Amino acid sequence: KCDELASQHGVFKIETIGDVYMAVTNLAQEQDTDHVKRMAQFAMDVVHVAAQTTLVDLDNPSKGVVSVRVGFHSGPIIANVVGTTTPKYTLFGDTVNVSSRM
């Protein structure tokens, strides 16, 4: 569902690592005027969908739904492809580090 929401909001998914969904705006296409709004709306929609539909245990719905934590930050990044055997597109910089700690 996150990928569908990302597409709807013009958010570019970088990767998922464990329980982290890393995405960015204003990278794959120019969104100078509304990139923060796009990311905020995407984040709110992800939180809403998770709280409404994503069960912790399908066999035992009484355990409730998944709780989602969101952090985002605006600033400069470096984007590059890393690796030769299994190349991976990734982002680096303080902006990434700050948002991951929110």
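1. How much accessible surface does the chain have, and what share of it belongs to carbon and sulfur atoms? The accessible surface comes to about 7200 Å², with 54% belonging to carbon and sulfur atoms; accessible areas here follow the Shrake-Rupley method with a 1.4 Å probe, and for residues only the protein chains shown count as cover.

2. This is a predicted model, in which local features need pLDDT of at least 70 and side-chain atom pairs count only at pLDDT 80 or more, while totals for chains, interfaces and linings use all residues. Residues are numbered from 1 along each chain as its sequence is written, and side-chain values use heavy atoms, with hydrogens and water left out.

3. The secondary structure comprises three helices and four strands, arranged along the sequence as α-β-β-α-β-β-α; helices (H or I, at least four residues) and strands (E, at least two) are DSSP runs, numbered from the N terminus. Of the 102 residues, 20% count as buried, where buried means under 20% relative accessible area, exposed over 50% and partly exposed in between (1.4 Å probe, protein chains only).

4. A50 belongs to helix α2, which covers residues 35–53, and is buried at 6% relative accessibility. Leaving aside residues up to four places away in sequence, A50 touches V65, V66 and V68, a contact being heavy atoms within 4.5 Å. The C-alpha atoms of A50 and V65 are separated by 6.9 Å, although the two residues are 15 apart along the chain.

5. V66, one of these neighbours of A50, sits in the loop between α2 and β3 (78–82) and is partly exposed, at 31% relative accessible area. V66 also belongs to a nonpolar surface patch with V36, V47, V56, V68, V70 and F72, which together have about 490 Å² of accessible area.

6. T90, in strand β4 (residues 88–92), is buried with a relative accessible area of 9%. Not counting residues up to four places away in sequence, T90 touches I14, E15, I78, A79, N80 and V82.

7. Across the chain, residues 24 or more positions apart account for 36% of the contacts with a separation of 6 or more. The C-alpha atoms fill a box of roughly 45 × 40 × 25 Å, taken along the principal axes.

Technical notes. Patch = residues over 30% accessible without salt bridge, like charges linked within 9 Å, V, L, I, M, F, W, Y side chains within 5 Å. Salt bridge = Lys/Arg side-chain N within 4 Å of Asp/Glu carboxyl O.
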